[in-house]
Structures are given as C-alpha cells and as structure tokens.
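These are my notebook entries on a structure that I had not examined before. I record what I looked up, entry by entry.

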Amino acid sequence: SYELPLHAIAFDDRALEIIEGGPGDHDAIKQVYLALAQRTDGQFDRATFLWERLLHAPDNPRSYLARRNGKAVGYVIFTQGRRSDPLRVLDFYALD
C-alpha cells in the first residue's frame with residue numbers, strides 16, 4: 001500500500017461564492033450550460049422556448065449560481081412548494 005501525508009497534497013483554492021439568481025442572471029446560467037455543452041457529448045443547444053419553460057415555469061422556479069472570481073461556474077434551478085415540501089431540482093450544472 002502507499003501512504004501520503006495530507007500536508008503533502010497541494011490544494012487549489014476552490015472557494016465559491018453562492019448567490020441567489022434572478023432575471024439578470026439568466027444569461028450567466030445559459031453561458032454555464034453552453035460552456036459545458038461544448039465540451040461534453042450528449043448536450044444540445046437549447047432553444048429560447050426551452051429556456052423560457054425552465055426559467056419561467058408556472059411553479060415559480062428559483063436559482064442559485066456558484067461564482068469563482070466573479071464568473072459563474074455552476075447553477076441550480078429548483079422549485080419548492082410549501083416549506084415542508086421537498087425541493088424539485090429542474091436543472092443543475094457545474095463546470096469544475
């Protein structure tokens with residue numbers, strides 16, 4: 001077996017800022033998705049009506065963005081009914 005002391009492992013700063021998203025953040029959400037879709041197989045270019053369905057669904061979706069150095073690197077879009085209801089995640093992506 002091989003052992004390595006934890007202090008010998010170099011860690012990058014992985015700190016993220018988590019902010020609640022709003023209508024002004026929709027472009028940043030789309031850019032995260034597009035960046036991931038361009039580098040992975042199986043993703044597709046979402047038409048405007050798909051984004052509208054996701055971001056403006058009748059059950060009032062909410063979003064949070066993860067930012068590093070002011071740039072969006074991830075997001076989650078979800079809905080929740082009453083406080084005791086479970087979250088329903090509609091979409092989420094993280095670039096790294």
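Entry 1. I began with α1 and noted that this helix lies across β2 (62–68), β3 and β4. Its direction runs at about 105° to β3. I keep in mind that the model is a predicted one.

Entry 2. I then turned to the sheet. In which order do its four strands stand? I found an open sheet with the order β1-β2-β3-β4 and antiparallel pairing. β1 (17–20) and β4 each have a single partner strand and stand at the edges, so one side of each is left without a neighbour in the sheet.

Entry 3. I looked up the pairing of β3 with β4. The two strands are joined by six bridges in the antiparallel sense. For Gly74, I found the bridge partner in β4 to be Ala94.

Entry 4. I next examined α2, which spans residues 48–55. Which residues of this helix are buried? I listed Trp51, Leu54 and Leu55. These residues lie on the same side of α2, because they cover an arc of only 85° around the axis. I recalled the general rule that an α-helix has 3.6 residues a turn, so residues three or four places apart point the same way.

Entry 5. I checked the face of α2 turned away from its buried side, and there I found the exposed residues Phe49 and Arg53.

Entry 6. Finally, I asked what covers the buried residues of α2. Among the covering elements I recorded α1 (26–39), β3 (71–79) and β4 (88–94).

Definitions and conventions:
Residues are numbered from 1 along each chain as its sequence is written. This is a predicted model: local features need pLDDT of at least 70, side-chain atom pairs count only at pLDDT 80 or more; totals for chains, interfaces and linings use all residues. Side-chain values use heavy atoms; hydrogens and water are left out. Buried means under 20% relative accessible area, exposed over 50%, partly exposed in between (1.4 Å probe, protein chains only). The arc is that of the directions from the helix axis to the C-beta atoms. Contact means heavy atoms within 4.5 Å. Two strands pair if DSSP finds at least two bridges between them. Axes are lines fitted to C-alpha atoms, for helices over the stretch in contact, and angles run from 0 to 180 degrees between N-to-C directions.
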